[in-house]
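This report goes through a structure from single residues up to the whole chain. The sequence and the coordinates come first.

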Amino acid sequence: NINDDTLILLFILLDGTKNGETFAPAKDQFQEELVIRPLHSGDIYASFQFRTLWDTDFLQEGQKKVSHYRLFPKSLGQVLSKFSVQELHISFTQGFWRTMQWGQPFIPSPPGAELWVWFHDTVSDVDGNWKELTNVLSGIFCASLNFIDMTNTVQPSASFKPLGLGNATDHRFLRYATLPREIVCTENLTPWKKLLPCGSKAGLAVLMKSEKLFHSSFHSQAVHIRPICQDEQCTSKAWELRQTLNVVFDHYTSGQGKKEWSLFKMFSRTLTEACPLASSSKVYVDITDNPELFELSPATPLLSQAVVLGDRRTYSVYDLTRAETFGQLRSFNLLLRWKGDNMLRPLLHAERYVAGFGLQTGEIHTVIYNNHPYRAFPVLLMDSVPWYLQLYIHTLTVTSKSRDNKPSYIHYQPAKDRHRPHLLEMLIQLPPHSMTEVTVQFERALLKWTEYTPDPNHGFYVGSSVVSALVPSMVAMSTNFTQDQPLFSSFVPVKEESSYFVRVYTEPLLVNLPTPDFSMPYNVICLTCTVVAVGYGSFYNLLTRTFQVDEPSPPLAKRLANFIRRIRGVPLLA
Amino acid sequence: MAAPLTLLLIVAVTIRAVLFRSSLAELISERVEVVSPLNAWKRVVEGLALLDLGVSPYSGDVFHETPLMIYLFHFTVDYAEIVFMVSPYFVDCLSCLLASLDRAKIAIGSNNLKSDLLFNFPGCLRHIISFSTCGLNNAIIALFIFCTLKGSALLSGILLALATYQSIYPLTLFAPALLFFLQRLYIPVNLRRSSFWCFTLQYAFIYVGSLVVITGLSFFLLGSWDFIPSVYGFIFSVPDLTPNIGLFWYFFAEMFEHFRLFFICVFQINVFFYTIPLSIKLKEHPVFLIFMQIAIISIFKSYPTVGDVALYMAFLPAWSHLYRFLRNIFLVSCVLLACSALFPVLWHLWIYAGSANSNFYYAITLLFNFGQILLVSDYFYAYLRREHHLTHGLYLKKKDGTEATLVLK
């Protein structure tokens, strides 16, 4: 950074000596920060902030007009000078912030798009500037902000006071508009990322992959531009550009139900370096509720305390400008693992899926897990497969621990087309602490066009398999039937003390069948009948006609003459 | 004659053995052009597995073979490969025999053995290494034709009954076989002559009798009449719409329910009703009639495969002397070659790539059947024309002495 500054200084000095003017170069600095706050519901909240601070004045005209941009994005700088903008706040949000479950966000935003702007008091036509500004911003952010017009713009008198420097209290220079229906997608994220000095190539911005960011409960990206004081006495002003991105990842959809979060799991990337243009690059993890709640790795000695939103919270700090943060592998992946993961491991568990590719054949795999450490027990597996998936029972294999496990009882009733489905029942002995896999191949049938559902490419559902078993119980149960047993424990009758009856249902399957073209019944009938008719026609010709020498018919004049002669009764011409 | 034939057979054995052992066999045995729900080997294995489980193979809709097939394969399931390798030889031998017979009759000719292999190769290549019972059916039909040509009425009747028992359509071969025997025994085909009726009734008795015996045996094998709706009901009512190279599957996949029965009847009658007119026209040429019947069955049956196509194509070398009268042979060969190449491509695009749809495969089916119809009618035309030239001379003149053209009128 120092070398760059020196070079620029030299260049400008040289340039200045030519023009006979010297002026000090504008200094700019860039900071990036990521705050990770685990929420009580198991979700996780990540907040990125990128701040560019620049000692310059956009609102100047003439010689001093800003033309050399370094860290500050040129497109925004030109917008600020052209429309004499004092403060600009724009946000795009997908989802609604659930305050009751998640607490307060660092930077709040409403769903949809929100834009509020304070214009400089030298502007004469604020409405005109506002209209043009919305159009220009809509081009910069690839959003349909051009729908902002007089019908949805207001001038709040008290609510949106300037967040930066500004002695303007005349609310005629404030405009506020929201587009609640605006959808945020990758096309909005990409130009937003381009405004960053390092783009999405280095630093914290590499984590912003749209397929993970948009697969979340809440996503909000914003740009805030305001003039601020550099020091307490406010002797010099600087422009501050803050780009913020808040995202909340859902425990169930992104986290697959496990209470464990890492940078890789959230963003499918890890950090490899800080942005070289950043003066500070830090990751903060909120550990106020630790160490009871979760464990954090890699460990860091840096701690910081901050009072935010009326609460004093403790953060672990990771400084990305230091090489040792990245460790041996040159990659930094934060891991938060919730303690006390006493997820119940059920003794019997089953899954089912379809294997294979194409629309001709396939294989149904049913996987049954026996998690008992030392007891083996038999299970009864029942499969009911619709008739249009023709099962081949000679391909049935049952393997446990990669060895063949022959079922002791098999009852199979094959399907009859359009009458009844397949029924397969097997008694399988599950070895202790093992996984048993049952596979059977099938062929997909082509149905009549009227037998397909209205959305045929959605696929056809196959009902769940049922696994019924008497699982050995750790606790002895009483077989006495008493009247005042609670309802939840008296559903299944207990026949013996040492085992309890359990029924496990697997997932249903969704299978695609080959489809005919539904728009073509009449065409198909016509074309096929045409081919049959061609056959019929050829054979008819060959069967009913005989070969004759081709005598060409006489010309018209001769035929007419012959006709007249016949009437007269005179001999005909040759 | 014997030495080149033996050499040819040895070469054929080697080729087939090599192909059976290669990985190509598994790939081809799954293809829909080669196996159909009626004769897929996978289904035979499935039926035997069901039998082992104690369930009747006909209780489901996966097995459509006759009980005698179960009987045969129950004992030879381990030697299935050998059975499939041996059966196509019957077809080969028969075509050689036909070629030699006709050569003796007409004395025009070249070495038909080479052309026999040439004809066999493209058509049979796929079907010989496929695991399907089509080869066995073709072998039975070939044996039947062999016995007919050799003059043994009893064996011919029994084998025809067996062929009919396997799939109903060879029923139409009764008429040409009868005509051949009548011609051979110098009995004129005259409905008023008692000798005609005498022989006809004898032959019919052999045929129907063997059919009854075989059906009765099947009944006693499994103890029920379940196999009749499963096999013959299946062939006639076409419930399974698995794509194949025929015309039925897409037609009935897109049929309006109201007209389904009507069109099933129309399509099935279409196979049988050419018998009587063809028999009347070709009553002096029963061998060609057999060829025509087999071709019509292969094109219009409910579940055709390339095995059925290969059966009648194997007889084409016997009529190599018709070459000079064929009008469309170039077009037909191009169409059939192009379709053979396009079948697997469009199947892959529809089923695996998902970029084409069923219409593409259906279009090629139409074209292939059209090509076959054109081929058969072309050979029929050539045969009739040659007969005309045999009676009226090769170079015909018009009344004024100029060269004449021959037309069908």
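Which residues does A:N246 touch, not counting residues up to four places away in sequence? They are A:Y45, A:A46, A:S47, A:I107, A:F218, A:H219 and A:S220. The model discussed here is predicted.

## A:N246 in strand β8

A:N246 sits in strand β8 of chain A. Its relative accessibility is 1%, so A:N246 counts as buried, the cut-off being under 20%. The side chain of A:N246 makes a polar contact of 2.8 Å with the side chain of A:S47. A:S47 is also one of the residues in the contact list of A:N246.

## Helix α5 and its surroundings

Strand β8 of chain A, residues 237–249, is among the elements against which the buried residues of α5(A) pack. The others are β2 (44–54), α4 (126–141), α6 (210–213) and β7 (218–229) of chain A. Helix α5 itself covers residues 186–194. Its buried residues are A:N188, A:L189, A:P191, A:W192 and A:K193.

## A:R175 in strand β6

Strand β6 of chain A spans residues 174–179 and contains A:R175. Is A:R175 buried or exposed? A:R175 counts as buried because its relative accessibility is 5%. A polar atom of the A:R175 side chain lies 2.9 Å from the backbone oxygen of A:R172.

Leaving aside residues up to four places away in sequence, A:R175 touches A:L115, A:W116, A:V117, A:F119, A:V126, A:D127, A:W130, A:T153, A:V154 and A:Q155.

## A:L271 in a loop

A:L271 belongs to the loop that runs between α7 (263–267) and β10 (280–286) of chain A. With a relative accessibility of 0%, A:L271 counts as buried. Residues up to four places away in sequence aside, its contacts include A:G203, A:L204, A:V206 and A:L207, along with A:L263 and A:V283. A:L320, A:F326, A:R330, A:S331 and A:F332 are also touched by A:L271.

How far apart in space are A:L271 and A:D57, C-alpha to C-alpha? The distance is 35 Å, and the two residues are 214 residues apart in sequence.

## B:G233 in chain B

In chain B, helix α11 takes in residues 227–237, and B:G233 lies within it. B:G233 counts as partly exposed because its relative accessibility is 27%, between the limits of 20% and 50%. Not counting residues up to four places away in sequence, B:G233 touches B:I228 and B:V238. Between the C-alpha atoms of B:G233 and B:H64 there are 9.8 Å, at a separation of 169 residues along the chain.

## Chain A as a whole

Chain A has nine helices and 27 strands. The radius of gyration of chain A is 39 Å, whereas a compact globule of 574 residues would have one near 25 Å. Along the principal axes, the C-alpha atoms of chain A fill a box of roughly 125 × 105 × 50 Å.

Of the 574 residues of chain A, 45% count as buried. Among contacts in chain A with a separation of 6 or more, 72% are between residues 24 or more positions apart. The accessible surface of chain A is about 30300 Å², and carbon and sulfur atoms hold 55% of that area. Chain A carries 53 positive and 53 negative charges, and their mean positions are 9 Å apart.

Definitions and conventions:
Residues numbered from 1 in each chain as written. Chains lettered and ligands numbered in written order. Predicted model: local features only at pLDDT ≥ 70, side-chain atom pairs only at ≥ 80, totals over all residues. Heavy atoms only, no water. Helix = DSSP H or I, 4+ residues; strand = E, 2+ residues; numbered from the N terminus. Rg over C-alpha atoms; globule rule 2.2 N^0.38 Å. Buried < 20%, exposed > 50% of the residue type's maximum accessible area, 1.4 Å probe, protein only. Contact = heavy atoms within 4.5 Å. Areas by Shrake-Rupley, 256 points an atom, 1.4 Å probe, with all protein chains shown as cover. Lys, Arg positive; Asp, Glu negative; His and termini not counted. Charge placed at Lys NZ, Arg CZ, Asp CG, Glu CD. Polar contact = N/O pair within 3.5 Å; in protein donor to acceptor, adjacent residues only side chain to side chain.
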